[in-house]
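Subject: Structure for you to look at

Hello,

Here is the structure I said I would pass on. Please open it first, then read my notes below.

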Amino acid sequence: MDKILEGILLSTKVTKSVIETRIRHSITGKKYPKRTFYILLKKYADDFLTNGYEPRMIGLAGLRGTGKTTLMWQIAEYIFKNKEIPVYFFNVDIIKTASYSLFEVLQGFQKIILKKEFRKLQEPIVFLFDEVHEDAEWAKTLKILYDEARTAFIVCTGSSALLIQQTADLARRMKIERVYPFKFIEFITAKSFYEREEKIFPERNLSNEIKNALFFSPTLNDAYEGIQKISNKIENYFNKVNKVFSGYKGNLISEYIKYHNIPSFLEYREKSAIFDSILDLLKRVINEDVPKIKENAGEKSVGENEKILKLLLQLAISDEINLDTLSQKTGIKKDEIEFFLDILNGSEVVNIFNPYGGKEARIWKNKKIFFMSPSIRLSLLSSIYGDRITKEMEGKLYEDIVAMYIRRILDNNVMILTSKNIKKPDFVIETMEKPLLLEVGISKTTSDQFSNIDCRYGILVSNGIKEIEKNRKYLKLPLKWFLLM
């Protein structure tokens, strides 16, 4: 066996010192705060390593920069400290750069490290694979590993579009979990820890209580009373935030929405550096993910880069999109636009919401596209307009963050209205027998967009609303309350 492969294999063993370098800031030495998703990942590990429950192969998918690799190392620390189970880490990008396949490395791993075949393992073992999509045959290789190493708990990170495009056989074995941008409470927890050396948490289960009151109440009165019951918990949380950040000159809500909703940019202070990094992130999706997806579909990738960037810039200034109109404005064929939108949606760059309703919706086929992170839209807008961002453009950032929340919470139960003849709210949410409607604004305090549509009730979420109110048709909710879900 050559020395390079042997070196790769010997470096896979995870030690306490290696973990410490991955879960702490390189300069300050502070541990990175754990995201709320860590609780679910820990549960998966405990369930399998203690009781043998599935799933035992977890794929962490999400927008680049959302902290998937850090989450993986944090769960490695937990297992290493509490389970006394050997943990092995494989950086698939490095393996590819060294001109090896993941399959070759795992074959060598059995001979050099384990000194036995995977199928002969009797004790628990943990495998971590970072950037697993970098290997062309990753799905086939992990399927073999899963089937052969019956005592293995496996966690891997990768491009959302490529992980979700896995084979049917692997889909039955791997549980894909999406890692979204920061929730507001995660942003506050991280920022308070980094800057004030304190951690601020809401009361337990508050997020679920808000979600159930807003989206699963049978009537407007029930929704109002449900929020009223927990209003003291909400206010107590914000009192803690105000105390810790007393004297802070910035606006925490605005900072979160515009700049610091993607974890990897939390330590950036200059907005130009954030924008440049986000544009680089988009270029990586375009230059790396798109060719792989086209290759998997049996197509060659030629000249897409400029087209996708042009499409993204057009989406950043658009509201509802119509393929005919979008094709005319960009000069890109409609079938290409549809393909690119699928990739951008799968890569967690954008959130695409389909139209609600019957014949009219199907005829117009308009969709509404939001960015998974409002910082992506702001970066694109700033590349066109600099600092001259209008109030209308800023309003789209607030819609983006709300879209990310409801996509994370409700997934496919969220749609848009496409009627051309009436004013309409931003979202239709299908829970219970009749849908509810959701409108988002920066400074709105009233809305007439609920009056002409049959619904269970409406919700107006706005930064201009300071306390919860209700009128005949809808609930008025402060944006910062909504962001605690």
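I start with Phe 427. Leaving out residues up to four places away in sequence, Phe 427 touches Phe 353, Phe 370, Glu 399, Val 402, Ala 403, Ile 406, Val 414, Met 415, Leu 436, Leu 437, Leu 438 and Val 440. Contact here means heavy atoms within 4.5 Å.

Before the rest, some notes on the model. It is predicted, so local features need pLDDT of at least 70 and side-chain atom pairs count only at pLDDT 80 or more, while totals for chains, interfaces and linings use all residues. Residues are numbered from 1 along each chain as its sequence is written, and side-chain values use heavy atoms, with hydrogens and water left out.

Cores

The largest nonpolar core has 65 residues, and Phe 427 is among those with the most contacts inside it, as are Phe 184 and Tyr 256. Helix H21 (residues 391-410) gives the largest share of this core, nine residues. A second, separate core of 36 residues includes Leu 282, Leu 312, Leu 344 and Val 349. A nonpolar core is a set of buried Ala, Val, Leu, Ile, Met, Phe, Trp, Tyr and Cys residues joined through side-chain atoms within 4.5 Å. Buried means under 20% relative accessible area, exposed over 50%, and partly exposed in between (1.4 Å probe, protein chains only). Helices (H or I, at least four residues) and strands (E, at least two) are DSSP runs, numbered from the N terminus.

A buried loop residue

Thr 431 sits in the loop between strand E10 (427-429) and strand E11 (436-441). Thr 431 counts as buried because its relative accessibility is 3%. Its contacts, apart from neighbours within four places in sequence, include Phe 215, Leu 410 and Arg 456.

Salt bridges

How many salt bridges does the count come to? The count is 30, where a salt bridge is a side-chain nitrogen of Lys or Arg within 4 Å of a carboxyl oxygen of Asp or Glu. One of them joins Lys 434 and Asp 454 (2.8 Å, N to O). This pair links distant parts of the chain, 20 residues apart: Lys 434 is in the loop between E10 and E11, and Asp 454 is in the loop between E11 and strand E12 (458-462). Lys 434 is partly exposed at 34% relative accessible area, whereas Asp 454 is exposed at 61%. Asp 46 and Lys 42 also meet in a salt bridge (3.4 Å, N to O). Both lie in helix H3 (residues 37-51), four residues apart, about one turn of the helix.

Regards
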